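Here is a short report on one protein model. Keep the sequence and the 3D view side by side as you read.

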Amino acid sequence: MTGSGASPAGGPVNQSTQARGPTPGVTSAGAPMRIGTVALTVRDLDAVSRFYQQVIGLTPVESRPGLARLGVGETVLLELRHDPAAPVASPRAARLFHTAFLVPSRTGLAQWLLHAAELGVPLQGASDHLVSEAIYLADPEGNGIEVYWDRPSETWTWRDGMVEMATLALDLDGLAATARTRDWSGLPSGSCIGHVHLQVGALEPAEGFYAGLLGLEVVCRYPGATFLGSGGYHHHIGTNIWNSSGAPVRTGPTTGLADVEIVTDAGTLDTVRSRLSPEQSTELGQTRLPLRDPWGTSVTLVAG
């Protein structure tokens, strides 16, 4: 969520947004629409795969020539697609801002922090967002990463249907002091991709796609960014123009984000399909619906 920029442009507000108050038990993975697998195109498959295993703590789930699928247990969170000739994505393009790995507890985040410190991994930032505490870094090919934990949802503050988030300094020493052990054996059970944050060319058409078409709720407007979530979660998708205002539509494949998978139910999938134009529509009953946002970013809805 870190960053700064101009005030966000307005856009259509999803009509399902309702007044909310503190609600216990809200989680990213328990929402009606949640993040499944994130796919990245990488030039050096071995180096990037090794990083996500050794630094982030993912484990191999499937491997074949040109492809590595990593996750927690048998759940795939990250798919790495090898393309050594892929052009490097411009930092000002519509692209991935970060993939956010959510751990179940503050202790888990503290243990990951100590693990990263022992490896000497350079961090890019650390923030208290009121709803969560987050640490930022990047993989060897510059793909942004967030590792975070959520404060209990009953402590989140909602006003007029919007959740309060901020970017405050995170007390890393205080966080590290909560670790119960320095032993690290990978991301703990229950970890998932809590959200994906995207660079977009403009906020209003991004809101039209992610809220108007997909049906996510706008839950926070921040200078230069809009956050959208499902089921009362603080956000599953972030969009910002901090580095990418006016970015054009992608003209071809590049390194970085290849696809974001959003898992939902079959009814929601058919509802989204019904909003498509006739030339975009696909057959009812299919369990996957591939889409592209206004900048050509691939988003796949999956009935799971």
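A polar contact is a pair of N or O atoms within 3.5 Å; within protein, one must be able to donate a hydrogen and the other to accept it, and residues adjacent in sequence count only if both atoms are side-chain atoms. This is a predicted model: local features need pLDDT of at least 70, side-chain atom pairs count only at pLDDT 80 or more, and totals for chains, interfaces and linings use all residues. Residues are numbered from 1 along each chain as its sequence is written, and side-chain values use heavy atoms, with hydrogens and water left out.

## A histidine in a loop

Look for H236. This residue is found in the loop between β14 (225-229) and β15 (237-240). Helices (H or I, at least four residues) and strands (E, at least two) are DSSP runs, numbered from the N terminus.

The side chain of H236 makes a polar contact with the backbone nitrogen of S230, at 3.2 Å. A polar atom of that side chain also lies 3.1 Å from the backbone oxygen of S28. Is H236 buried or exposed? H236 counts as buried because its relative accessibility is 1%. Buried means under 20% relative accessible area, exposed over 50%, and partly exposed in between (1.4 Å probe, protein chains only). Contact means heavy atoms within 4.5 Å. Not counting residues up to four places away in sequence, H236 touches residues including M33, H195 and L228.

## The sheet of nine strands

Strands of a sheet pair through backbone hydrogen bonds, either parallel or antiparallel. Here, two strands pair if DSSP finds at least two bridges between them. An open sheet of 9 strands has the order β11-β6-β7-β8-β5-β12-β15-β14-β13, with mixed pairing. β11 (168-169) and β13 (217-222) stand at the edges with a single partner strand each, so one side of each has no neighbour in the sheet.

Strands β7 (residues 132-138) and β8 (residues 144-150) run antiparallel, joined by 7 bridges. E133 has W149 in β8 as its bridge partner.

## The sheet of seven strands

Another open sheet has 7 strands, in the order β2-β3-β4-β1-β16-β18-β17, and its pairing is mixed. Its edges are β2 (59-64) and β17 (288-292); each has a single partner strand, so one side of each is left without a neighbour in the sheet.

β1 (residues 34-42) and β16 (residues 256-264) run antiparallel, with 6 bridges between them. I35 has I262 in β16 as its bridge partner.
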